[in-house]
Amino acid sequence: MASSRIFAPRGTQDGLPGEIRMKRFVESVFMEHCRCYGYHEAHTPVFEYSELFERGVGPVTDIVEKEMYTFTDKHGERLALRPEGTAALARTIIEHDLTKDLPLKLSYKITCYRQENPAEGRLREFHQIGAECYGSLLPQADSEVITLAYTALRAMGIRDLTLNINSLGCQSCRTSYINALVRYLLPHANSGELCSTCVSRMGRSPLRVMDCKNPSCREVAKKAPKLADFLCDDCRDHYEGVKASLDAVGIPYNEKNHLIRGLDYYERTVFEFKAGEGGANGTVCGGGRYDGLCARLGGPNIPAVGFAIGEERAIIAMRESGMEEIPPEKPLVYVASDAPSRASRGAARLRGLGVYAERDLMGLGLKAQIKAAKDCGARWLVITGEDGIRLTDLKTGAEQPMPTEAWDDVARAISE
Ligand code: HAM
C-alpha cells in the first residue's frame, strides 16, 4: 500500500536553489553594507526563555499574545522560538557585558517564528537581517540605521521604496498622550466600533489599538489624537534632529502621525520601509529606537536604535522591481574520460585547486560526456586519457595537448 505524502507545515517555505541564490544575494548586499557602516555580525539562539519576549516585546502585543511558538521542555522550562531578534540581542549584550565600549554596532541574519495567518509575504518561519546601534541618544544614530537600511534595500534592486517615520515620544510624554487617547477611544468602544481584542487591550495597552488591522478599528484610529501634539521639548528636538539628519543625507520620508509599530519597546523614533503598493505585507523593513529595553531586561540603562528587514518580503519587492532570477553558476571545466577513475582523479585535483569542475556520474560513454560538457555550459573540456590530457576551449574550439597529470598547468590555463 502506498504511503500518504507529507507536506511542509503551513506558513513555511522550502529553500530551493533559485530562492536560496536570491537570499544569499540579499544577505551579501546587506552584510557588505554593514561592513562599510561598522556593524559586526552576532548570533543568538533560535529559542530563548519565553519571559524574554514577554518582558521585552511586551505582554500585550500580537507577537506575545497570539503569535509566539511556546513550549515547555523536559525540565519544565518555558521556552519560545525566537519571534524577532532585538530582545534576544539585548539579552546577549547584557549577559556578555558588551556595553563598556560604546557605541556598540551589531548586525544579524536570523530565522524567526510567528504563528500568523499565512499569506503572500506573511510566513510562520521567515528570515530577518537587521542592525542595532547601542549607546547613542543622538538623532544621527537613528538616521545612520535608517540610511543603512535604505541604501541596502536600494542596492538589492528595490526601486519603489517609501520611508514612513514617526516619534512615539518618551515614557513621560506618552503618558499624557495615552490619557487623551483613552478619552477619545472610550465612546468608540462603547458604541461597538472596536474589535474585542482592542476593547480588552484598552485598559492595558491602548497604543495597540492604533495598529490593529481590523477595518473598523482602523477607521477609529485615523481620527485619534496625534502623538506629535504631545511630545515634550526633548522628544520634539530629537525628532526634528532625525528629520534634519535624513535631509542632510538626502533620504526622502513621509511623516506618519499614526505609525506605532507592533512592539512595546519602541520609544521616540519608529520607522518602516514599504515597497510598491505597500499593503501590510509590503513592509520590507521595520525599526525604531528602544532606549528602555536593556533596563527592562535587567541590564544597564543604554539607549539603542535599529531595524530588521524581512528577507522574503525583500525578495518579493526585488522581483516586483523587475529583478531577474539569479542563474546557477556554470562549471568552468568538464573532465571527461573513458576510464571513470581517471575522471575522478582529474576532477578531484582541479576541485582541490579551487576550480568548479564537473564530471560524469551517470555512466555515460566518452561521446555522451563531450555532449554533456557542452549542455552544462562548461567553458572548457578536459579529456584525460592514458597518453595525456587534451584541453579544449568550448567557446573557440581551440585544442591544447598537455602531459598526463599536468593538472596544475590545466588549472592555470583555464583560469587565465
Ligand atoms: P517587525 O516589524 O516585527 O520588527 O519585523 C521586521 C520585518 O520582518 C518586517 O518589516 C517584515 O519585513 C518582516 N516580517 C515580520 N513578520 C513577518 C512574517 N510573518 N513573514 C514574513 N516577514 C515578516 C521587528 O521584528 C523588530 N525586531 C525590528 C527592530 C530591530 N526594531 C529595532 N531593531
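This is a predicted model: local features need pLDDT of at least 70, side-chain atom pairs count only at pLDDT 80 or more; totals for chains, interfaces and linings use all residues.
Trainee: How much space lies in the second largest pocket?
Mentor: About 240 Å³. A pocket here is an open set of points on a 1 Å grid over the protein atoms alone, where a 1.4 Å probe fits, with protein on both sides within 12 Å along at least five of seven lines; lining residues have an atom within 4 Å of a point. Grid points are joined across faces, edges and corners, and the volume is the space filled by probe spheres set on the points.
Trainee: What's the lining like by class?
Mentor: Seven nonpolar, three polar and six charged residues. Nonpolar covers Ala, Val, Leu, Ile, Met, Phe, Trp, Tyr, Cys and Pro, charged covers Asp, Glu, Lys and Arg, and the others, Gly among them, count as polar.
Trainee: Is serine 205 buried or exposed?
Mentor: Serine 205 is buried, because its relative accessible area is 9% and the cut-off for buried is under 20%, with exposed over 50% and partly exposed in between (1.4 Å probe, protein chains only). It sits in the loop between helix H7 (196–202) and helix H8 (215–222).
Trainee: What does serine 205 touch?
Mentor: Val60 and Asp264, not counting residues up to four places away in sequence. Contact means heavy atoms within 4.5 Å.
Trainee: Switching topic: where does tyrosine 113 lie?
Mentor: In strand S5, residues 104–113. Tyrosine 113 is buried at 16% relative accessible area, and its contacts beyond four places in sequence include Val46, Tyr69, Pro83 and Phe126.
Trainee: Which side chain does the tyrosine 113 side chain make a polar contact with?
Mentor: That of glutamate 125, at 2.8 Å. A polar contact is a pair of N or O atoms within 3.5 Å; within protein, one must be able to donate a hydrogen and the other to accept it, and residues adjacent in sequence count only if both atoms are side-chain atoms.
Trainee: What about the backbone, which peptide bond is cis?
Mentor: The one from leucine 102 to proline 103, with omega near 0°. Proline 103 is in the loop between helix H4 (86–95) and S5. Aspartate 97 is also found in the loop between H4 and S5, and it has a positive phi of about 55° although it is not a glycine.
Trainee: How are the domains assigned?
Mentor: Domain 1 is 17–170 + 232–320 and domain 2 is 333–415; the bounds come from an automatic or database domain assignment. Their centres, taken over C-alpha atoms, are 49 Å apart.
Trainee: Last one: where's serine 337?
Mentor: In the loop between strand S12 (333–336) and helix H12 (340–352). Serine 337 is buried, at 3%, and its side chain reaches the backbone nitrogen of alanine 339 at 3.0 Å.

Note on methods:
Residues are numbered from 1 along each chain as its sequence is written. Side-chain values use heavy atoms; hydrogens and water are left out. Helices (H or I, at least four residues) and strands (E, at least two) are DSSP runs, numbered from the N terminus.
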